[in-house]
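Please open the model in your viewer and keep the selection panel at hand.

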Amino acid sequence: MRADDALIRVALEAAATAGPQDVPVGAAVFSADGVELSRAVNAREALGDPTAHAEILALRAAAQVLGDGWRLVGTTLAVTVEPCTMCAGALVMARVTRLVFGAWEPKTGAVGSLWDVVRDRRLTHRLEVRGGVLADDCARPLEEFFARQRLE
């Protein structure tokens, strides 16, 4: 399996491809043996779709690659920022085994900041989580994006 830093660097590469109006969040899904199954970037603005978060798009693509249904057991999702409640819920429902993320999101984070959806004992599936991996590198594109937004 690849080191967590390497997984986050793949997600950062994806984030760098975000359109000018989309928040630069990138995600990638890896198999149990470290093979990249998919990667995606936030595309809510580009697609006009409120569910087009990087995590959701990467999960959909990984399910297509695996071709055996919606369960992503044994996979790891790496994402540049702590997932929101929608994405955290999707990770649980898809049965992703492990989550690695970069920057913490104190306003909307659902993996420890505001809520901890992926480790809620009331749910039927819980993920292993490692947060804060390359956090500064992951926060930088977000800070630059929002600084540009304030200037416009």
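For the lining counts below, Ala, Val, Leu, Ile, Met, Phe, Trp, Tyr, Cys and Pro are classed as nonpolar, Asp, Glu, Lys and Arg as charged, and the others, Gly among them, as polar. This is a predicted model, in which local features need pLDDT of at least 70 and side-chain atom pairs count only at pLDDT 80 or more, while totals for chains, interfaces and linings use all residues. Residues are numbered from 1 along each chain as its sequence is written, and side-chain values use heavy atoms, with hydrogens and water left out.

**The second largest pocket**

Select L12, A15, A16, A18, G19, P20, D22, P24, P141, E144, F145 and R148, which line the second largest pocket. A pocket is defined on a 1 Å grid over the protein atoms alone, as an open set of points where a 1.4 Å probe fits, with protein on both sides within 12 Å along at least five of seven lines; lining residues have an atom within 4 Å of a point. The volume of this pocket is about 160 Å³, a volume being the space filled by probe spheres set on points joined across faces, edges and corners. Its lining comprises eight nonpolar, one polar and three charged residues. Helices α1 (4-15) and α5 each contribute at least two lining residues, and the largest share, four residues, comes from α5. Helices (H or I, at least four residues) and strands (E, at least two) are DSSP runs, numbered from the N terminus.

**The largest pocket**

Next, select V23, V81, E105, T108 and F146, which lie nearest the centre of the largest pocket among its 21 lining residues. This pocket holds about 540 Å³ of space. Helix α5 (residues 135-151) supplies the largest share of its lining, four residues. By class, 12 lining residues are nonpolar, three polar and six charged.

**Helix α3**

Move to residues 54-66, helix α3, whose 13 residues reach 18 Å from first C-alpha to last, close to the 18 Å expected at 1.5 Å a residue; the expected span is 1.5 Å times one less than the number of residues. Within α3, colour A54, E55, I56, L57, A58, L59, A62 and A63, the buried residues. Buried means under 20% relative accessible area, exposed over 50%, and partly exposed in between (1.4 Å probe, protein chains only). Which elements do the buried residues of α3 pack against? They pack against β1 (26-30), β2 (36-41), α2 (44-47), β3 (76-81) and α4 (85-93), contact being heavy atoms within 4.5 Å. Just after α3, G67 takes a positive phi of about 65 degrees.

**Salt bridges**

The structure holds eight salt bridges, each a side-chain nitrogen of Lys or Arg within 4 Å of a carboxyl oxygen of Asp or Glu. Select R130 and D4, whose closest N and O atoms are 2.9 Å apart in a salt bridge. This pair links distant parts of the chain, with R130 in strand β5 (residues 128-130) and D4 in helix α1, 126 residues apart. R130 is partly exposed at 40% relative accessibility, whereas D4 is buried at 10%.

Proceed to D120 and R122, which meet in a salt bridge (2.5 Å, N to O); R122 is exposed, at 74% relative accessible area. Finally, select D137 and R140, joined by a salt bridge (3.3 Å, N to O). Both lie in helix α5, three residues apart, about one turn of the helix. D137 is partly exposed at 28%, and R140 is partly exposed at 41%. Elsewhere, salt bridges that share partners join D4, R98, E128 and R130 into one network.
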